[in-house]
Amino acid sequence: MGAWLIPMTIVTPFAGAMAVAFCKPLRRSLRALHIAVGAFVLATALLALVTSLQEEAETVLFEFLPNVPLYFRADSVAVTFALLTVCMWLSSTVFSFEYLAHGEREDRYNIFSLLALAALMGVCFSGNLVTTYLFYEMMTLATFPLVMHEQTKEAISAGMTYLYYSLAGAFLGLVGIFFLYAYSTPGSRGAGGRLMYRAGGFLSQALTESQSSALLVAVFLMLVGLGSKAGMFPLHGWLPKAHPVAPAPASALLSGNITKMGILFIIRIVYYCVGPRFIGGTWAQYALLTLTVLTIFLGSMLAFREKVMKKRLAYSTVSQTSYILAGIYILTNPTGSFLHIIFHSVIKNLLFLCAGAVIVKTGKTKVAEWKGLGRQMPFTMTAFTIGGLALVGIPPLAGFVSKWHIATTALGSGTPYFSIIVPVILLVSALLTAGYLMGPAADAWFVAKAPEHAEAKEAAEVSEAEVAEVSEVAADVVEATEEKKENAPAPETTATTSKREAGLRILIPLGILAAAAIVFGLFPNPLVEFFEGFYLPSYWPM
Amino acid sequence: MEWIRNFPFFAILLAMVSGPVSSVLPGRHARRVSFLVVITSGLLSVCTLAYVLYTGEAFTYQMGAFPAPFGNEIRAGVLEAMTATFFCLIMLLSLVGGYRFTAVDIAEDRENLFYILINLLLASLLALIYTNDLFTGYVFIEINTIAACGLIMIRGWGRNLLAATKYMIMSLLGSGLLLISIAVLYGITGHLLMEPMHGAIVDIVEKGTYTEPLTVAVGLFCVGIAIKSALFPFHSWLPDAYGYSTCSSSAILSSLVSKGYIFLLIKFFYRVIGTDIIHQIQVDDVLFVFGIAGMIFGSVSAIQQTDVGRMIAFSSVAQIGYIYMGFGLNTEAGMIASIFHILAHSAGKSLLFVSLNGLTGGNWENANYRKLRGAAYRNRIAGVGFAVGSLSMVGIPLLAGFTSKVYFAQAAFGVSSTTKQLVTLVALAVSTILNAMYFIGQTINIYTPLQRTEGRPRVAVGRAMWTATVLFILLNLLLGIGSEPIFRWIEEGLRLFG
């Protein structure tokens, strides 16, 4: 039931993008269009979730290559990622309405963000390797214009860097796909063709035993290559370059969604193509674990040293994503990783939106400038503090639960050395996280005010911001309801410089995300049970 | 249905006869005749394709019903008919796409000359595809060279004349080698038709006589074709010839002319020498090495270009390298991949040239990458075409280039030598990244808006060009998505070859 809805989750955003691109009258009701598309996809994903709990819906579009059709399948992993993706996309999109200036560029941003949604849905629901690869490439192509949005020299060079890292990584993945095709069980197996995902892997037993070393090298390179999207060392270079220049909603999209797709692809390969039995206990597993541990540490250190807030958050993403990868490469039970995927998305989105809100309202990009911000933007700063605490892993908040699972699984896995190293590095990194996130939060709340010379500059910026706001309000005459809400804070900012919260369209996503960080931390058990149900213990390597 | 067997011959004859007829017609009518001939030849090829698919076997057609060794034969199988159809289609689209520029670039009194050359080129391409006789092949290679040369210099600028001279010298060198090779083969086998020649060669190899002359002849043939199709070390004539010609010329030259020669080489391998003997005298290894070198160095040269026309031309060197690499694998899968790449590259490269001309307004002085900045906003459909062509060349899924890369990689796994396997995969990887560097960079360049909206006006899009670009894009998508039947046809065609 409902299998035909799966391609619709790709077609609808795509159609939306085309509508924005080619139909000028529609552009006025752009926001409504976005919300409608997002709501539709969300509803479909929810429906798919309900369906997948009973039976897995699948659909074949057409034969793409010999033995390899374009094939979609809504299993639990797919649905989890799809739901997460839509939610994150919606929150960053709602935020972008406020953040971006109106005009030609906003249209372009919207077109590509809709295209990105289509590609993301494709990656989530794809049921064989080639389909995933196809949408993975589409995702790269749809998102690099978002990085280049500002069109400054730095933005364009960052976009190119992002593109090259992604293409190079994806191509390593493609080489791996060729190898996997050659080593897969011959003959068609079910609707998905030769490369269809199957829990535990689809490799042909006879072939892998005879010539496993070449395949192991290929799989290792493949995982390293796909690690580029997930920001894993050594292909993480694009992340810190892209984030500072991209507009804040695009940053949130990159770190909340795109890195997660890298992880999804890796999960698909490790658990559904080669199978944990194949790489468990080999040099490849240890090498990958070494890389993730290195990345966790390096990312945290770099974040700690970084002065620019968004860049700091980007480095933090590098390190946090590798928590997830470490949990995956331990190969016994990825529940902790799944939890961290969800929680990190929520928290990092929250933090990026906070940083964005500060930039929109005060233009402050550096961490040092955050002193005394708590008085001016109490709500934003509260949200930031909650997010920071959650990411460090303070118990009633979300991050604690996932780290707990990753650490305990690692300890119980019996992997030599790494069963100790992984929990230790998690603790070290948590300390560093506290350093780089709680520092600015403390400054914001407890340091009285910013230095004098910055004050004058701010005043000038405030007047600019007001002008911008007034013109924005004027442009929004159509949306009468929203205008009312916006008018309320506007006079306040003119009256006193002390309080200048961002508009409701930023505050509402902030509130929801902060609430989610708390709720997930307090009641994680339904999620834990859901994720534990994903995997049969029968194919763990023993 | 027997009468369909006449169709390949009709197509060749029609194209040849229309040349002299066009010479007395004014340009406008010559154009109509030419379009009509290309369309008719395409339809005849479609019928032939349907016929051979229906009967499931190839047929030979004796001209004037004289049997060998006196008469001349042509032969049509699935592969021949398919290639002919495809070539006609590409030629038609290129002519339509560059139609506006042809009228501007070429002096009015020479317009009919252009269409004569087109007809001649079509005739020679069809003959190269269908011929069953090595010497006929040679004759049409020469005709092809002359026609191509004319197409290069028809614009009449200094650069074109220079390019045409370069092309002429290199091409004649290649033809000379081919002629020597054919003479040697005739000397040791006593035949010119492909089947008897193949029989004689198998005998020679079994007996162990004349092995040196045979090796030399095969080597000369390959080098001759390599020069004419711009395999890596012999590519110096290519960038000028492709980069500065008029739109239709560039598109046709880059996508069809070299492919006609390559098709003859495939026939030579399969029908004259036999793939086992090719492997025995290790020609395949040599071609493999040069193919790989071409893939890398072609792209490296392309990166260094500031002129986008030359950049696209150099990328042809890289793509030709792919094709020879597939020959070098010397397996059926490798050959299928190469043939598919011939189609994929033709579709992509002609699209790129037509779009580039759309972006520059047909003036190569505008083809510098600085001047092209933001050009996609001045001519949207050409911008889209350029982007699609570029992505196809890089190998993004859903487009033709990706499918051929997948075929190449799968072919690599079928090779027994592990070295070749690894070299192929590494070369594919490196070449993809190099391709991405210049093609994606250029696509972003044309989509980078200018800061001020001063200066260059919008380029008007003719309806013809719009249609051609859209059809080209669809063709690329079709090859990328629906490669399955084409794959089967190529497989079937190669089976009929053997």
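**Figure 1. Helix α9 of chain B, end to end.** In this predicted model, helix α9 of chain B runs over residues 211-228, 18 residues in total, and spans 26 Å from its first C-alpha to its last. That is close to the 26 Å expected at 1.5 Å a residue. After α9(B), look for B:A230, where phi is positive, near 60°.

**Figure 2. Zooming in on B:L220.** This leucine sits in helix α9 of chain B. B:G176 is another one to find here: 44 residues separate B:L220 from B:G176 in sequence, yet their C-alpha atoms are 9.4 Å apart.

Figure 3. α7(B) has 32 residues and reaches 46 Å between its first and last C-alpha, close to the 46 Å expected at 1.5 Å a residue. Just past the end of α7(B) comes B:G190, with a positive phi of about 80°.

**Figure 4. Where chain B meets chain A.** The contact takes 19 residues from chain B and 18 residues from chain A. On the chain B side, α18 (400-413), α19 (418-446) and α21 (483-497) each supply at least two residues. The largest share comes from α19(B), with seven residues. By type, the chain B side divides into 13 nonpolar residues, five polar and one charged. As for confidence, the model scores ipTM 0.71 and pTM 0.82, while chain B has a mean pLDDT of 88, with 97% of its residues at 70 or more.

Figure 5. A:I342 is buried because 23 other C-beta atoms lie within 10 Å. Leaving out neighbours within four places in sequence, A:I342 is in contact with A:L84 and A:L527. A:G399 is 57 residues from A:I342 in sequence, and the two are 9.7 Å apart in space, C-alpha to C-alpha. For the chain as a whole, 57% of the 542 residues of chain A count as buried. Among chain A contacts between residues at least 6 apart in sequence, 79% join residues at least 24 apart.

**Figure 6. A:A517 in the largest nonpolar core.** The largest nonpolar core has 368 residues. Those with the most contacts inside this core are A:M139, A:I266, A:L350, A:A517 and B:L126. Helix α10 (residues 248-274) of chain A gives the most to the core, with 18 residues. Which residues is A:A517 in contact with, leaving aside its neighbours within four places in sequence? They are A:V346, A:I347, A:L350, A:I386, A:G387, A:A390, A:L397 and A:A398.

Note on methods. Residues are numbered from 1 along each chain as its sequence is written. Chains are lettered from A and ligands numbered from 1 in the order in which they are written. This is a predicted model: local features need pLDDT of at least 70, side-chain atom pairs count only at pLDDT 80 or more; totals for chains, interfaces and linings use all residues. pLDDT is the predictor's confidence in each residue, from 0 to 100. Two residues are in contact if their C-beta atoms, placed from the backbone, lie within 7 Å. Helices (H or I, at least four residues) and strands (E, at least two) are DSSP runs, numbered from the N terminus. Ala, Val, Leu, Ile, Met, Phe, Trp, Tyr, Cys and Pro count as nonpolar, Asp, Glu, Lys and Arg as charged, and the others, Gly among them, as polar. The expected span of a helix is 1.5 Å times one less than its number of residues. A residue is buried if 20 or more other C-beta atoms lie within 10 Å of its own, exposed if 12 or fewer, and partly exposed in between; C-beta atoms are placed from the backbone. A nonpolar core is a set of buried Ala, Val, Leu, Ile, Met, Phe, Trp, Tyr and Cys residues joined through C-beta atoms within 7 Å.
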